[in-house]
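Q: Please select one part of this model and examine it closely. What surrounds that part, and how does it relate to the rest of the chain?

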Amino acid sequence: MKLRPLQDRILVQRVEEETKTKGGIIIPDTAKEKPAEGKVKAVGNGKVGDDGKRVALEIKVGDRILFGKYSGTEVKIDGEEYLIMREDDVLGVIE
């Protein structure tokens, strides 16, 4: 199944965090928080501005991004979990 987000929305797959700390301590699943880092899988065409022209997104497919803890809407596609969020919810791109 292919999904193309609309307007300024992006489809993000969360990046799994390490289960072990630098000191070697294993973190149990109950103590983990959902990661606020992900990889962009699809982007929309951009938002239509006040002048009627389409404004392209700065984020591209393949970018690693940081987003807020409660950003986006969780969706399940072909058994995989993704987030759909607006470009405004993205805090930064990891280079």
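**The surroundings of Leu83**

A: Leu83 touches Ile10, Leu11, Val12, Arg14, Phe67, Ser71, Gly72, Thr73 and Glu74, leaving aside residues up to four places away in sequence; a contact here means heavy atoms within 4.5 Å. The model is a predicted one, in which local features need pLDDT of at least 70 and side-chain atom pairs count only at pLDDT 80 or more, while totals for chains, interfaces and linings use all residues. Residues are numbered from 1 along each chain as its sequence is written, and side-chain values use heavy atoms, with hydrogens and water left out.

Leu83 belongs to the largest nonpolar core, which has 10 residues: Ile10, Val12, Val40, Leu57, Ile59, Ile65, Phe67, Leu83, Met85 and Val90. At least two residues of this core come from each of strand S1 (9–14), strand S5 (64–67) and strand S7 (80–86). Such a core is a set of buried Ala, Val, Leu, Ile, Met, Phe, Trp, Tyr and Cys residues joined through side-chain atoms within 4.5 Å. Buried means under 20% relative accessible area, exposed means over 50%, and partly exposed lies in between (1.4 Å probe, protein chains only). In soluble globular proteins, nonpolar side chains tend to be buried together.

The strand pairing gives the setting for these contacts. Strands (E, at least two residues) and helices (H or I, at least four) are DSSP runs numbered from the N terminus. Two strands count as paired if DSSP finds at least two bridges between them. S6 and S7 pair in the antiparallel sense over 5 bridges, and Glu74 has Leu83 in S7 as its bridge partner. S1 and S7 are likewise antiparallel, with 4 bridges; here the bridge partner of Ile10 in S7 is Met85. Ile10 and Met85 are both members of the core described above.

S6 and S7 form a hairpin with 2 residues between them. Asp78 lies in the loop between these two strands, and its phi is near 50°, a positive value in a residue other than glycine. Most residues other than glycine have a negative phi, and most peptide bonds are trans. With a relative accessible area of 59%, Asp78 is exposed.

Two of the residues touched by Leu83, Arg14 and Glu74, are joined to each other by a salt bridge whose closest N and O atoms are 3.6 Å apart. This pair links distant parts of the chain, since Arg14 is in strand S1 and Glu74 in strand S6 (residues 73–77), 60 residues apart. A salt bridge is a side-chain nitrogen of Lys or Arg within 4 Å of a carboxyl oxygen of Asp or Glu. Glu74 is partly exposed, with a relative accessible area of 45%.

The structure holds 3 salt bridges. Another of them joins the side chains of Asp8 and Arg86 at 2.6 Å, N to O. Asp8 lies in the segment before S1 and Arg86 in strand S7, so this pair ties together parts that are 78 residues apart in sequence. Asp8 is buried, with a relative accessible area of 4%, whereas Arg86 is partly exposed at 31%. A further salt bridge is formed by Arg64 and Glu37, with 2.0 Å between the closest N and O atoms. Because Arg64 lies in strand S5 and Glu37 in strand S2 (residues 37–43), that pair ties together parts 27 residues apart in sequence. Arg64 has a relative accessible area of 35% and is partly exposed; Glu37, at 22%, is partly exposed as well.

The protein has 0 helices and 8 strands, and 25% of its 95 residues count as buried. Among contacts between residues at least 6 apart in sequence, 62% join residues at least 24 apart. The protein exposes about 7100 Å², of which carbon and sulfur atoms supply 49%; accessible areas come from the Shrake-Rupley method with a 1.4 Å probe, and for residues only the protein chains shown count as cover.
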